[in-house]
Amino acid sequence: LNAINNERLVAFDTTYAYIYGATGWQEFIPGTTWTGNDSDFFWSTNYWNVNNNKLFWVTNFSGTSGDPIRYTNATTWTDFAPTINAAGDVLAQCLCILPFRGRLVVFNTFEGANLINSVQYPQRIRWASIGNPIPNPAAVPPFEPWLDDVRGKGGFLDIPTSENIISVGFVRDNLVIYCERSTWQLRYTGKAIAPFQIEKVNTELGAESTFSAVQFDTSLVGIGDKGVVECDSYKSERIDIKIPDLVYSFNNDANGPKRVHGIRDIQQKLAYWTYPYKPVEEATDIYPNRRLVYNYENDYLNPFDDYQ
């Protein structure tokens, strides 16, 4: 919201966005619906002002038959599909979206003539020109900040790996990128033509769950196929040595990795992750039924059951 120290809680289900008002939960900007399933969680960020109204950006990465990237000024939702080249291709969808060094940057993209006919680029990092990321084709000359074939506009990098980009987060002034089984960082170069460069941090440890990435002061913690991983942008290492087999009990069926979600509780000096636990091969629990609690002051990890 525009007022200082005034934040609004926005909640999503598979179809609507909600805010909590004087009469309880109510639809946030009626008339816009979403089509993802119950494992297509929403990634959001705040970036840029238009007519002194802050913009809230959302993507749920629901595939070619799903929803586009959208942003809102708290009055209307706007579908976002900027043109990225002279052929007329558009940025149709992305997994993650963040502002970095004055540019809006997206990760793991769908690109093409439109969303339905788009192609996924799982290793792609794409950015707009510095400043306003919203195109205005009616301007004279037309304003297209995402064009990657015009010098000084947008651009892209593909991480040299076959693994998908899974999650991202800031560590100091670098952007840590978790792929499925490796960790990378995006550095700012200061060059107008090639503003970013990609560097590998760890070749064995990555993250499998987009929303497992929890931001700390000097690191980014995520949950991967080998353990709970912490990256400070220079090295990536496991912090779950006392419970090394925990991640192997996660349920990988029914989009289990997508359902893992973490958050930091600064007041309690804790971080929490909810995850679907599969204690035996025959178990069929789909939804998160356990919590992993991390006391980062004492460096202590412990799981708790949520069966009842």
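What share of the contacts in the protein with a separation of 6 or more comes from residues 24 or more positions apart? The share is 47%, where contact means heavy atoms within 4.5 Å.

This is a predicted model, in which local features need pLDDT of at least 70, side-chain atom pairs count only at pLDDT 80 or more, and totals for chains, interfaces and linings use all residues. Residues are numbered from 1 along each chain as its sequence is written, and side-chain values use heavy atoms, with hydrogens and water left out.

**Figure 1. Overall fold of the protein.** One helix and 23 strands make up the list of elements. Both are DSSP runs numbered from the N terminus: helices are H or I with at least four residues, strands are E with at least two. The radius of gyration is 20 Å, close to the 19 Å of the globule rule for 308 residues, so the protein is as compact as a globular protein of that length. That radius is taken over C-alpha atoms, and the rule is 2.2 Å times the number of residues to the power 0.38. The C-alpha trace spans about 60 × 50 × 40 Å along its principal axes.

Figure 2. The accessible surface comes to about 15100 Å². Carbon and sulfur atoms hold 50% of that surface. Areas come from the Shrake-Rupley method with a 1.4 Å probe; for residues, only the protein chains shown count as cover. Of the 308 residues, 48% count as buried. Buried means under 20% relative accessible area, exposed over 50%, partly exposed in between (1.4 Å probe, protein chains only). The protein has 25 positive and 35 negative charges, and their mean positions are 7 Å apart. Lys and Arg count as positive, Asp and Glu as negative; His and the chain ends are not counted. Each charge is placed at NZ of Lys, CZ of Arg, CG of Asp or CD of Glu.

**Figure 3. Cysteines without a disulfide.** The disulfide count is zero, with a cut-off of 2.5 Å between cysteine sulfur atoms. Cys-179 is in no disulfide; its nearest cysteine sulfur belongs to Cys-96, 11 Å away. Cys-231 is in none either, and the sulfur of Cys-179 is its nearest, at 12 Å. Cys-179 is buried at 0% relative accessible area. Cys-231 is also buried, at 0%.

**Figure 4. Ile-130 and the loop between β10 and β11.** Ile-130 lies in the loop between β10 (119–127) and β11 (155–158). Ile-130 counts as exposed, at 55% relative accessibility. Beyond four places in sequence, Ile-130 touches Gly-102 and Arg-103. The C-alpha atoms of Ile-130 and Gly-154 are separated by 8.5 Å, at 24 residues apart along the chain. Pro-141 is in the loop between β10 and β11. A cis peptide bond joins Val-140 and Pro-141, with omega about -5°.

**Figure 5. Ala-271 in strand β21.** Ala-271 is found in β21 (residues 270–275). Ala-271 is buried, with 0% relative accessible area. Not counting residues up to four places away, the contacts of Ala-271 include Val-214, Phe-216, Leu-292 and Tyr-296.

Figure 6. Most residues other than glycine have a negative phi, and most peptide bonds are trans. Ile-29 has a positive phi of about 60°. Ile-29 is in the loop between β3 (24–27) and β4 (43–50), and is buried at 13%. Trp-48 lies in strand β4. Phi of Trp-48 is near 80°. Trp-48 is partly exposed, at 31% relative accessible area.
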